[in-house]
Amino acid sequence: MSLHGAYDPDNIFAKILRGEIPSVKVWEDDDVLAFMDVFPQSEGHVLVVSKTSQARNLLEIEPEVLTKLTVAVQRTARAVEKALKPDGLSLMQFNGEAGGQTVFHLHFHIIPRWGDRAMKGHGHAPMAEAEQLQALAARIAAELD
Ligand code: 5GP
């Protein structure tokens, strides 16, 4: 999948947004959804997506939608920091297959980092238990401002 092309309405995140496949939600409003990555690269790995845009990547997204999305990323990252007390946070965002992207609905990764724990590789992490993700999502949601 190159940087250019049509949005696939049946991509995984579109199905999650339509409620066709389950996800562990942290929070949402009319514009954005924050949910747990089911293959977390570290404990507390959250994804943030727009609910209104069909942008596949950063190059395509409408600036006003990007503004809401990045504010949502910051709000979520602050809650992750308060809930999980990581030593650092990695924000990741991949564009195009050659850029490492695997789901072609624009999203930001929020990945907590600890100095004494290695982060798992992108696309190389095992699936997490739903109960663990639900517990983490509840802890993060409890710290939202
Ligand atoms: P990308 O490679 O496009 O930047 O990131 C896609 C992310 O979506 C990956 O981190 C992957 O673990 C995550 N992912 C893939 N399938 C699912 C799914 O069905 N549910 C959730 N919650 N995350 C998924």
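Tutor: A pocket is found on a 1 Å grid over the protein atoms alone: it is an open set of points with protein on both sides within 12 Å along at least five of seven lines. A molecule sits in a pocket if more than half of its atoms lie within 2 Å of its grid points. This is a predicted model, where local features need pLDDT of at least 70, side-chain atom pairs count only at pLDDT 80 or more, and totals for chains, interfaces and linings use all residues. Residues are numbered from 1 along each chain as its sequence is written, and side-chain values use heavy atoms, leaving out hydrogens and water.

Student: Which pocket is the space taken by the ligand?

Tutor: The ligand takes the space of the largest pocket.

Student: How do I read a polar contact?

Tutor: Look for a pair of N or O atoms within 3.5 Å. An oxygen atom of the ligand lies 2.6 Å from a polar side-chain atom of His122. For His109, the distance from a polar side-chain atom to a ligand oxygen is 2.8 Å, and for an N or O atom in the side chain of His107 it is 2.9 Å.

Student: How much of the ligand does the protein bury?

Tutor: Accessible areas come from the Shrake-Rupley method with a 1.4 Å probe. Alone, the ligand exposes 520 Å², and the protein buries 89% of that.

Conventions. A polar contact is a pair of N or O atoms within 3.5 Å; within protein, one must be able to donate a hydrogen and the other to accept it, and residues adjacent in sequence count only if both atoms are side-chain atoms. On a 1 Å grid over the protein atoms alone, a cavity is a set of points where a 1.4 Å probe fits but cannot get out, and a pocket is an open set with protein on both sides within 12 Å along at least five of seven lines; lining residues have an atom within 4 Å of a point.
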